Amino acid sequence: LLLMQGKISEAEAVYQQSVSAQNEVLHVSEDPKAAAAREGRVEFLIILLRLRGELCEAERVLRQEIALSKRRHHDDHHHETLRAMDSLGKFLGTQGRLSEAEEVLSEVVRVRQQRLGSKHRDTLLSTLTLATLFRDSGKETEAESLFREIVATRRHLGGPEDKDALVVTNVLPILLRELWPIG
């Protein structure tokens with residue numbers, strides 16, 4: 001609510017108090033920003049940092065979350081690590097760092113395909129993010145290929161009446177018009 005009212009400093013203060021209180025209960029001595037990331041609330045913190053223009057700090061927090069997750073799970077590709085990598089890829093994309101974003105997001109898609117399969121919801125969502133990045137990067141052929149792959153998979157999984165398949169199918173012509181404008 002405070003964010004919607006434009007009270008960024010107040011929202012951050014309330015948020016930091018909440019993290020500190022939780023850390024006391026859990027006996028966590030981590031940096032509050034790292035603890036917030038550990039608890040899966042990194043997205044809120046990133047929004048706060050972006051609104052304050054602290055983009056370097058936002059990226060540091062995202063990269064720290066990836067490192068913490070790798071250490072915590074003794075696995076470079078644990079689902080929490082992949083979620084943090086996905087967030088980093090999206091963040092880099094919004095910063096115009098498209099080749100870095102592509103590298104991170106491509107790895108997320110590759111690992112999710114290996115571990116979860118190409119039909120898993122998380123894999124499809126990551127593929128959609130990568131396809132959108134390709135579109136934004138001017139890689140029309142790659143974007144179209146991934147968009148069509150997603151539509152085909154959703155239709156196969158849910159049938160012609162599946163709501164996700166219908167949404168993706170209805171959005172595809174719009175995306176293709178953006179990729180291949182007429183006239």
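The model is predicted, so local features need pLDDT of at least 70 and side-chain atom pairs count only at pLDDT 80 or more, while totals for chains, interfaces and linings use all residues. Residues are numbered from 1 along each chain as its sequence is written, and side-chain values use heavy atoms, without hydrogens and water.

Let's start inside. The largest nonpolar core has 27 residues; such a core is a set of buried Ala, Val, Leu, Ile, Met, Phe, Trp, Tyr and Cys residues joined through side-chain atoms within 4.5 Å, with buried meaning under 20% relative accessible area (1.4 Å probe, protein chains only). Among those with the most contacts inside this core are Ile46, Leu62 and Met85. Helices α3 (42-51) through to α8 (140-158) each supply at least two of the core's residues (helices are DSSP runs of H or I, at least four residues, numbered from the N terminus). Beyond its neighbours within four places in sequence, Met85 is in contact (heavy atoms within 4.5 Å) with Ile66, Asp76, Val104, Glu107 and Val108.

Now for the pairs. The axes of α4 and α5, lines fitted to C-alpha atoms over the stretch in contact, with angles from 0 to 180 degrees between N-to-C directions, come within 8 Å and cross at roughly 160 degrees. That is why α4 is roughly antiparallel to α5 (an angle over 145 degrees). Met85 turns up here too, as one of the α5 residues making the contact, and Leu62 is one of those from α4.

The axes of α7 and α8 also come within 8 Å, crossing at roughly 155 degrees, which means α7 is roughly antiparallel to α8. Leu130 of α7 and Phe147 of α8 are among the residues that make this contact.

Terms used: Buried means under 20% relative accessible area, exposed over 50%, partly exposed in between (1.4 Å probe, protein chains only). Angles under 35 degrees count as roughly parallel, over 145 as roughly antiparallel, 65 to 115 as roughly perpendicular and the rest as oblique.
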